[in-house]
Every structure is written in C-alpha cells, then in structure tokens.
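Biologist: Hi, could you walk me through this model? I'd like to start with the inside.

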Amino acid sequence: MSNSVFVPGHITGFFSIENHEVSLKNGSCGAGFLLSKGVRTTVESADKLSINVNQGGSTVIDEVLKILEIDTDFKITQDIQLPIGAGFGTSAASALSLTMALNDFLNLNYSKELCGQIAHMAEVNLGGGLGDVIAQTGHGLVFRTQPGAPGIGEIKSFKHDVYIAWKTFGKINTSSVISNPVYREKITDVGIKYIEYFTEKPSLKNFLDFSYKFASETDLMSDEVKQLVDYFNSSDDILGSSMGMLGNTVFAFAQNKDAFENMDVEDLHIDKLNNVGISYD
C-alpha cells in the first residue's frame, strides 16, 4: 500500500510580510506562479520508519511528524525536483505533499485545508516561507490577497498559456532576510504598494512589471541576478523577467519556447506555467 502526492514549486514575484501572533494567520500577501516541477512525496508500508530524500535533510519531514504526533512505521520517499533554498518553495511543497500523503495513507480524514494548515505551521515553526503553502493550493498565476494558512488566508488563481525559464545562482537564507528589520520594513512598504496596484488590474503584464520594480526598489537583486534579468528584459521576445523571492534566482516569461532557446544563457531551465496544481498518483 502506498500513497503519492505532488505539490508544485512556487516562485514569488512581489510580496509584503504580514505578521500575526497567531501562527496560522502569520504569512504574506503577494503574487507568484506555479511550476510543473516541485516535490513528490510517497508514503508506503514498511516494518520501521524510514526516510529517503533525494536532496537536503529531513528537517521539514521531522517537523510535520512532530506536529501530527505520528509514531506509525512507514517509508517516506521525497523527490525534490527543484533547488533548495533558491526561492522555489521546496520546503512548503515538502511539508504539504507529506501531510497530504500521510492523510491518505493513514486515513486521517483531514480536509485539504487542515492539511495545508499543518504544513503552514511547519513552515512558520522552521522560519521558512510565509506564503508558499497557500499559494501551492492554487494554480497558474496565484495572488495571495489575505495572509495566512489555507482556510484562513485567501488566494486568486489565473490561468495563462505561457512558458517560463529560470536560472539560479545559489541560495538565500530566507529566515535571515525576513527577520532583518531593515529588509522587513522595505519589503513590506514596497510590497503593499504593488499589491494595491495589482489588485486593481491583476494582469500577467502587471505581474511581470511589478515584480521587476519590487526587486529593484527593495535592493534584493545581486549583481549577477540583475545582469541576467536586464538581459532577458532587453529582448522583444521576452514578456518580462525578475528575481524569484527569496532566492538568488532569475525567472522570465515568454509566449514561445523558442524565445528562450534563442537566448545565450547557460544552465537555463525551460518550463510551462502549471495551470493544474496539486496532483495525486
């Protein structure tokens, strides 16, 4: 017996930090998008508890098991298909896919929202992303309109038939940025401005424009990220490009795959916007 759940990776373009003393209301507002790659978690019968992760450690898994207070024996296998710590929401996808897979495997009968709240709690407890979990319950381009966990926060999803390319230059310690009072104030002030603009007209063009302006005005882009972003934005075939929050990562959108294949960029990953979201095997 086994259960497998896939949760897509999520990249944020712009956001504001929304603190609350209640963990489930703690989070962020902002806009991002889902990728076709993410984290697939499989739970299957075994004589003893075992954990197999293809990259990184078991910190997120351990936190979810702690919250659930589960001591049953089974095997957990996680296929993390995107770089860790580079702005792809992998820890949130890990927590959410594990919670949902365990829910099915153990017949816990939790709602999708409750599974999301458990995953959100794990994220908050570990000081990771503050909005990836709820975004990963959506599809396509996702606008987080109210902060918090699924069932508490609110999102709007928009489908678009577009290609995405990304390249990462390495990790950024998310918790070190969101806990820095100077960065927190700047991120929130700039983020609120563009969230208000996007609320008035939530178009793909505005998402890309506001993402670039947010990254520029918050001074979060490294020199190598800015150089590649500007290179993408110099092409008429590219719809827009910016930095993935929070990671040393560049993303770009285009109508056609050829637009990226014609760019002179090494180690460029080409994807399509994920208009489906979470899937089960």
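Biologist: How many residues has the largest nonpolar core, and which have the most contacts inside it?

Modeller: It has 52 residues, and Phe14, Phe33, Phe207, Phe214, Phe232 and Phe253 have the most contacts inside it. A nonpolar core here is a set of buried Ala, Val, Leu, Ile, Met, Phe, Trp, Tyr and Cys residues joined through side-chain atoms within 4.5 Å, with buried meaning under 20% relative accessible area and exposed over 50% (1.4 Å probe, protein chains only).
Modeller: This is a predicted model, so local features need pLDDT of at least 70 and side-chain atom pairs count only at pLDDT 80 or more, while totals for chains, interfaces and linings use all residues. Residues are numbered from 1 along each chain as its sequence is written, and side-chain values use heavy atoms, leaving out hydrogens and water.

Biologist: Which helix gives the most to this core?

Modeller: Helix H7 (residues 204–217), with six residues. Helices are DSSP runs (H or I, at least four residues) and strands likewise (E, at least two), numbered from the N terminus.

Biologist: Switching to H8, which residues are buried there?

Modeller: In H8 (residues 223–233), Val225, Leu228, Val229 and Phe232 are buried. They line one face of the helix, because seen down its axis they fall within an arc of 100°, taken from the directions from the helix axis to the C-beta atoms.

Biologist: And which exposed residues does the face turned away carry?

Modeller: Asp223 and Gln227.

Biologist: What do the buried residues of H8 pack against?

Modeller: Strands E7 (163–168), E8 (240–244) and E9 (249–254), plus H7 and helix H9 (258–261); contact means heavy atoms within 4.5 Å.
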